[in-house]
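This report is meant for someone meeting this structure for the first time. Please look over the sequence and the model below before reading on.

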Amino acid sequence: MKSSHILLLATLTALSLPAQAGPECAVSLEGTDAMRFSTNLISIPASCKQVTITLSHPGNLPAKVMGHNVVITDKENLQAVANDGLMAGFDNDFIKPGDERVYGASKVIGGGESTTFTFSTEKMKPGGDYAFLCSFPGHWAMMQGKFELK
Ligand code: ZN
């Protein structure tokens, strides 16, 4: 193959990649069988227009017993989002459909699973008082933390 063809191929490959958040805009955390997150702080640079969060569940219990998700909301709305999520039920991943207080959320996973989601920070402000939680019934009190854009 001529070198000009290789260059063209490389260019096309680069152009076809979807726009992705930089590595500083992505975080990973775990939710365990002990009903805990592996961190109580998610800190993202304010320059990130999108944030990607990967949640993994290293436990053994199934999603209906010890399911976890990650929900990003305002700190002041944490409990209300969790309560409405309880009513929404498992089939809605314990999030009220169309809940405008939620900036981003993952699906509910069980032991041995992981999930990744990406959300926009467009409606968030650097220094805002944000929180992350698991909205599985009864988990939010133990499974929550601070989400910061700084
Ligand atoms: Zn949970």
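The text below takes up the metal site, a helix and its cover, a disulfide and some loop residues.

This is a predicted model, in which local features need pLDDT of at least 70 and side-chain atom pairs count only at pLDDT 80 or more, while totals for chains, interfaces and linings use all residues. Residues are numbered from 1 along each chain as its sequence is written, and side-chain values use heavy atoms, with hydrogens and water left out.

**The zinc site**

The zinc ion is coordinated by His68 through ND1, Cys134 through SG, His139 through ND1 and Met143 through SD, at 2.0 to 2.8 Å. Donors here are N, O and S atoms within 2.8 Å of the metal (3.2 Å for Na, K and Ca), and since water is not among the atoms, sites may look incomplete. Along the chain, the donors follow the spacing H-x65-C-x4-H-x3-M. The arrangement of the 4 donor atoms is irregular because the angles they subtend at the zinc ion run from 81 to 128 degrees. Four donors count as tetrahedral if all angles lie between 85 and 135 degrees; four count as square planar and six as octahedral if opposite donors are over 155 degrees apart and all others between 65 and 115, and anything else is irregular.

The table gives the relative accessible area of some residues that count as buried (under 20%, with exposed meaning over 50% and partly exposed in between, for a 1.4 Å probe and protein chains only).

| Residue | Relative accessible area |
|---|---|
| Cysteine 134 | 0% |
| Histidine 139 | 2% |
| Methionine 143 | 0% |
| Phenylalanine 132 | 0% |
| Glycine 110 | 2% |
| Aspartate 99 | 8% |

**Helix 3 and its surroundings**

Helices (H or I, at least four residues) and strands (E, at least two) are DSSP runs, numbered from the N terminus. Helix 3 spans residues 78-88, and its buried residues are Leu78, Val81, Ala82 and Gly85. Seen down the helix axis, these buried residues fall within an arc of 100 degrees, so they line one face of helix 3; the arc is that of the directions from the helix axis to the C-beta atoms. Their cover includes strand 4 (71-74), strand 5 (102-105), strand 7 (130-133) and strand 8 (144-149), where contact means heavy atoms within 4.5 Å.

Glycine 89 follows helix 3 and has a positive phi, near 85 degrees.

**The disulfide**

A search of the whole structure finds 1 disulfide, a term used for a pair of cysteine sulfur atoms within 2.5 Å. The disulfide joins cysteine 25 to cysteine 48, with an S to S distance of 2.0 Å. The pair links distant parts of the chain, 23 residues apart, with cysteine 25 in the loop between helix 1 (3-16) and strand 1 (26-30) and cysteine 48 in the loop between strand 2 (41-44) and strand 3 (50-56). Both cysteine 25 and cysteine 48 are buried.

**A glycine in a loop**

Glycine 110 is found in the loop between strand 5 and strand 6 (114-120). Leaving aside neighbours within four places in sequence, glycine 110 is in contact with His57, Leu61, Pro62 and Ala63.
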